[in-house]
Amino acid sequence: MRRIVRFLCLFLLLLCFSAASVAEAASQATQVQGVKSHVHTDAVTGAAKLRLVLDLNGPLTVPEAAVSATPLPNLTLSLPGVKLGKGVKASYQLDGKIANTAVFKRSGSDLALTVNLPGVVQAGDYKVFTLPADDKAGRPFRVVLDIQLSSAPLTKLKFSAGLKGKVVAIDPGHGGSDSGALGPSGLKEKDVTLAVAMRTKALLEKSGARVIMTRMTDKDVFGPNASNVEELSARTAVANNAKADAFVSIHNDSFSSATASGTSSFYYEKTKYDGMLADCLQEQLLNAGGRNDRGANTANFYVIKRTVMPAALVELAFISNSEEERLLASPTFQQKMANAIVMGLDSFFRKAAASGGVQ
Ligand SMILES: [Zn+2]
């Protein structure tokens, strides 16, 4: 009997305790009180891992995570009933390589955190867990998201000669709400880049390559009036998700001085092949167009940096220069440029294969 009483007391005590904590939780909902992120490089494997930490004022079960490829690759954590505390921003910029941004979205009483990524992650690429509060260390309850990209495409590049069977991503610069540069007589860069890209696509397909276009009509790739990063990462995601062998972004140059002219190609040296691709394209564009040689140069442009395959951005000619604007509008010149891009790609794959293929 005494034992039963003791049990009953304990039970009532527990009941009171849990009722009190329910009441407390209702009056003071769990809040996100801080967001931190850092990138850690594994000393042994060299793999980079991004850790995103949410500081909370109370415990939470491990949030559910969902991966989606649309509208941009992302990973979303559900935080039902959680509120944003003072000083927590609606969005955070992340490292830009493993993840682009973390954005809080509220729907009714539920909160979600969407982490926008440069490409789709696999189940094994991320981990979500919680860490208890540690009063001694002055640490609150935490939700941790670790993202580590397991695919290492940059070290596994291997090329064979020829265009047959290759996957080539072609990115006509600008489009939709973004006209790009304008020529003195009103020619829009976005129309030239699309025209040349469509001609390039037709020629590549004739050579047996598979072509992935970031756009095939006059539209924004992400959506109208998107931020630059959203728009550009939508373009790199198209190429990365298609596992393209090479990426070419087509643009026209523009300058305040109307006399500036010529052709240039740009690359970001993330593999030994990026410069090779830009050189091959530049050589063929000069042969075909006969414009001023402004060289193949390195640049920090988003689309050539964030694509995982060898990538180059070509500036066919200056749309701000009347003579070159006329050329860029001409179907004959457009066809010459398209043909040069195809020949440049062909010579790139041949050189890459001859260089041993593997990085
Ligand atoms: Zn442009």
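**Exercise 1. Which element gives the most to the lining of the second largest pocket?**

This is a predicted model: local features need pLDDT of at least 70, side-chain atom pairs count only at pLDDT 80 or more, and totals for chains, interfaces and linings use all residues. Residues are numbered from 1 along each chain as its sequence is written, and side-chain values use heavy atoms, without hydrogens and water.

Solution. 
1. Start with the space: about 310 Å³ lies in this pocket. A pocket is an open set of points on a 1 Å grid where a 1.4 Å probe fits, with protein on both sides within 12 Å along at least five of seven lines.
2. Take the lining, meaning residues with an atom within 4 Å of a point. It has 17 residues, and the closest to the centre are His174, Asn228, Leu232, His251 and Leu313.
3. Sort by element. α3 (228–241), β13 (246–253), α5 (302–305) and β16 (311–318) each supply at least two residues.
4. α3 gives the most, with four residues.

**Exercise 2. Find how helices α2 and α7 cross, and what forms their contact.**

Solution. 
1. The axes of α2 (residues 189–206) and α7 (residues 331–354) come within 8 Å and cross at roughly 50°.
2. The two helices are therefore oblique to each other.
3. The crossing is right-handed; that is, the near helix is turned clockwise from the far one by less than a right angle.
4. Contact means heavy atoms within 4.5 Å. Among the residues making it are Ala195, Arg199 and Leu203 of α2 and Met337, Ile341 and Leu345 of α7.
5. By class, the contact holds 10 nonpolar, four polar and one charged.

Technical notes:
Points joined across faces, edges and corners; volume = space filled by probe spheres on them. Axes fitted to C-alpha atoms, helices over the stretch in contact; angles between N-to-C directions. Parallel < 35°, antiparallel > 145°, perpendicular 65-115°, else oblique. Nonpolar A, V, L, I, M, F, W, Y, C, P; charged D, E, K, R; others polar.
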